[in-house]
Amino acid sequence: MSDHLSQRSALLSQFKDHLAKARYSSSACARYLAVAGHFLEYLGNQNVPIDAVQPSNVTKYLKRELRRFAQHRGRPPVCIDQWRGSHTGGIHRFLRCVKVQ
């Protein structure tokens, strides 16, 4: 478990450095890092290594997050496309960053 946590921390740190070098705003960095952290937690719970992530993993994660959103707020997002984009943008940037290395 500590290996998973240390790998997660290292990946998030790498992503944070990437975002800073690319001069993303502090609010964008915070959002992307939060989404990446939740996605990594999901992958860990599913026993999916980062180098084995497939589009289906992202789809399943988004479905889970959408259910959680609706349960927490009692309604779906006002604009599903905007909600999805706020999640997929961070995940795709994160995956590009960590898979390049």
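The model is a predicted one, in which local features need pLDDT of at least 70 and side-chain atom pairs count only at pLDDT 80 or more, while totals for chains, interfaces and linings use all residues. Residues are numbered from 1 along each chain as its sequence is written, and side-chain values use heavy atoms, with hydrogens and water left out.

I begin with the core. A nonpolar core here is a set of buried Ala, Val, Leu, Ile, Met, Phe, Trp, Tyr and Cys residues joined through side-chain atoms within 4.5 Å. Buried means under 20% relative accessible area and exposed over 50%, with partly exposed in between, for a 1.4 Å probe and protein chains only. The largest such core has 26 residues, and those with the most contacts inside it are Phe-39, Leu-43, Ile-50, Val-53, Phe-94 and Leu-95. Two or more residues come from each of helix 1 (2–21), helix 2 (26–45), helix 3 (55–73) and helix 4 (80–100). Helix 2 gives the most, with 9 residues. Helices are DSSP runs of H or I, at least four residues long, numbered from the N terminus.

Which residues does Ile-50 contact, beyond its neighbours within four places in sequence? They are Gln-7, Leu-11, Leu-40, Leu-43, Phe-94, Leu-95, Val-98 and Lys-99, where contact means heavy atoms within 4.5 Å.

I turn now to helix 3. Its 19 residues reach 27 Å from the first C-alpha to the last, close to the 27 Å expected at 1.5 Å a residue; the expected span is 1.5 Å times one less than the number of residues. Buried in helix 3 are Asn-57, Val-58, Tyr-61, Leu-62, Glu-65 and Phe-69. These residues lie on the same side of helix 3 because they cover an arc of only 130 degrees around the axis, taken from the directions from the helix axis to the C-beta atoms. The face turned away from that buried side carries the exposed residues Lys-60, Lys-63, Arg-67 and Gln-71. After helix 3 comes Gly-74, with a positive phi near 75 degrees.

Asn-57 deserves a separate word. Its relative accessibility is 12%, so Asn-57 counts as buried. A polar atom of its side chain lies 2.7 Å from the backbone nitrogen of Gln-54. Leaving out residues up to four places away in sequence, Asn-57 touches Phe-39, Tyr-42, Leu-43, Val-48 and Ala-52.

Finally, the cysteines. The structure holds 0 disulfides, a disulfide being a pair of cysteine sulfur atoms within 2.5 Å. The sulfur of Cys-29 is 11 Å from the closest cysteine sulfur, in Cys-97, and is therefore too far for a bond. Cys-29 is buried at 14% relative accessibility, and Cys-97 is buried at 7%.

Terms used
Polar contact = N/O pair within 3.5 Å; in protein donor to acceptor, adjacent residues only side chain to side chain.
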